[in-house]
Amino acid sequence: MKSKLFRIGKYALIVTLVLLFSRFVLFRSKVNAVPVRKIEVKNRVVERTISVSGEVKARKSADLTFNMSAGEIAKLYVDEGDSVARGALLAALNNNVAANTLQTYKDSRDLAIKDKEIYVENYEDDTDAVGGDDEYKLNVTRLDELISKAEAAYKAQQGLYGDSFIYAPFDGVVLNITKKEGDSSVAYEPIIKFANVEDLYFEVRLDQEDFGSIKEGQLVEISLDPFNDKTFMGKITRLPQYANGGTSPSFTVEVAFDEDQEGMLLGMTGDAKVISESSNGEVRSLLYDEVNFDEEEKPYVWTVQNKVLKRLYIDIGLEGDILTEIKTDFTDEIYAPVGDAKLEEGFNAIIQK
């Protein structure tokens with residue numbers, strides 16, 4: 001009786017184990033089944049770009065000041081928006097003291113010149129009257145020295161007096177005037193913002209890693225903040241010979257615009273996209289997230305064989321911002337996960353359209 005019960009129990013245990021194993025296999029199969037979608041290698045241009053913020057600047061711009069002590073602005077000869085030529089008088093200080101001093105130095109110089117002229121006229125032909133030829137020549141030399149000193153003092157005062165005027169340093173446009181006539185001004189206080197707005201460029205600062213990927217002549221797409229749907233084209237025209245200092249050195253790079261600068265204003269900000277590397281025309285490519293890398297950074301894609309996922313190792317070329325160049329020529333159908341599904345080799349693939 002015990003032997004019969006033992007056999008029945010043994011068979012029941014075996015059946016139970018078989019059922020449990022079958023359930024485990026079926027459950028494991030369902031757990032390891034992942035949804036995938038078919039993807040295709042397409043011929044496209046692959047580009048790698050660098051994005052950086054910047055500002056519209058003028059190659060010639062200046063904050064113009066009176067380079068002397070405080071004074072009252074006597075006259076402004078221009079208005080904001082005026083276009084003027086190089087050398088045009090823009091503003092003047094009321095500086096009567098400097099003007100009077102300048103006249104005094106001029107009179108002193110003119111008097112020294114006149115003294116020499118009178119001396120030469122009186123004694124050039126009668127040097128005995130002043131002690132002979134040597135004494136005459138010595139006195140002429142002394143008079144020339146007095147003229148030189150008076151001339152130097154006069155020119156120095158001319159420079160000081162000139163500091164009470166502002167002149168246009170180049171052809172340009174008056175962008176802003178910070179004072180009005182009658183206002184006081186101190187030395188080197190910006191009075192007029194002046195620039196040549198016919199020659200604008202876009203200035204960006206790149207870190208060391210990005211700077212190593214650019215060169216003169218590379219194309220640049222510029223999106224300015226005031227224009228939502230307009231892109232300005234340009235190219236890198238000047239690279240610096242040194243880095244800006246600090247704990248995080250950067251490089252100031254100049255981008256020249258193409259002819260289309262309509263609506264662009266000095267000081268506008270925006271973003272530049274530098275095309276640092278591009279494929280030679282259209283090449284076979286996949287989206288960057290459709291190419292996978294294993295623990296050794298070897299690239300691969302997923303294929304499905306007998307409904308099971310398998311890795312297909314490939315060779316790649318240029319890795320762009322959005323696309324990756326595919327160099328391996330294969331005919332296998334390839335797949336990518338649907339949503340956030342995690343793929344593993346050996347998993348069952350549920351192919352979705």
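**Close-up views of a predicted model**

View 1. Strands E5 and E7 in a sheet of four. Strand E5 (residues 71-76) and strand E7 (residues 89-94) run antiparallel and are joined by four bridges, where helices (H or I, at least four residues) and strands (E, at least two) are DSSP runs numbered from the N terminus, and two strands pair if DSSP finds at least two bridges between them. Glutamate 72 has asparagine 94 as its bridge partner in E7. The two strands belong to an open sheet of four strands with antiparallel pairing, in the order E8-E7-E5-E10. Strand E8 (165-167) and strand E10 (184-185) are at the edges, each with a single partner strand, so one side of each has no neighbour in the sheet. The model is predicted, so to speak of its local features requires pLDDT of at least 70, while side-chain atom pairs count only at pLDDT 80 or more and totals for chains, interfaces and linings use all residues. The open sheet E2-E17-E22-E21. This order describes an open sheet of four strands with antiparallel pairing. Strand E2 (42-44) and strand E21 (316-319) stand at its edges, and each has a single partner strand, so one side of each is left without a neighbour in the sheet. Neighbouring strands of this sheet are turned by 50° against each other on average, direction ignored, with axes taken as lines fitted to C-alpha atoms (for helices over the stretch in contact) and angles running from 0 to 180 degrees between N-to-C directions. Three bridges pair E2 with strand E17 (residues 283-287) in the antiparallel sense, and asparagine 43 stands opposite arginine 284 in E17.

**View 2. Strand E1 and its two partners.** Strand E1 (residues 33-39) pairs with strand E24 (residues 348-352) in the parallel sense over five bridges, and valine 34 stands opposite alanine 349 in E24. E1 is also joined to strand E23 (residues 334-337) by four bridges, these two strands running antiparallel. Isoleucine 39 has isoleucine 334 as its bridge partner in E23.

**View 3. Salt bridges around glutamate 254.** The structure holds 18 salt bridges, each defined as a side-chain nitrogen of Lys or Arg within 4 Å of a carboxyl oxygen of Asp or Glu. In one of them the side chains of glutamate 254 and arginine 59 meet (2.7 Å, N to O). Glutamate 254 lies in strand E15 (residues 250-257) and arginine 59 in the loop between strand E3 (47-58) and strand E4 (61-64), so this pair ties together parts that are 195 residues apart in sequence. Glutamate 254 counts as buried at 9% relative accessibility, and arginine 59 as partly exposed at 33%; buried means under 20% relative accessible area, exposed over 50% and partly exposed in between (1.4 Å probe, protein chains only). The side chain of arginine 238 also meets that of glutamate 254 in a salt bridge (3.7 Å, N to O). This second pair links distant parts of the chain, with arginine 238 in strand E14 (residues 232-238) and glutamate 254 in strand E15, 16 residues apart.

View 4. The side chains of glutamate 296 and lysine 298 meet in a salt bridge (3.4 Å, N to O). Glutamate 296 is exposed, with a relative accessible area of 58%, whereas lysine 298 counts as partly exposed at 43% relative accessibility.

**View 5. The largest nonpolar core and a second one.** Phe202, Ile214 and Ile222 touch the most other members among the 25 residues of the largest nonpolar core, a nonpolar core being a set of buried Ala, Val, Leu, Ile, Met, Phe, Trp, Tyr and Cys residues joined through side-chain atoms within 4.5 Å. Two or more residues come to this core from each of E3, strand E12 (200-207), strand E13 (219-224), E14, E15 and strand E16 (269-278). Beyond its neighbours within four places in sequence, phenylalanine 202 has contacts (heavy atoms within 4.5 Å) that include Val56, Ile222, Leu224, Val253 and Phe257. A second, separate core of 17 residues includes Leu64, Ile73, Val78 and Phe170.

**View 6. Confidence along the chain.** The mean pLDDT of the chain is 87, and 90% of its residues reach 70 or more, pLDDT being the predictor's confidence in each residue, from 0 to 100. Over residues 24-30 pLDDT stays under 50, and the model has one contact beyond four places in sequence for them.

How values were computed: Residues numbered from 1 in each chain as written. Heavy atoms only, no water.
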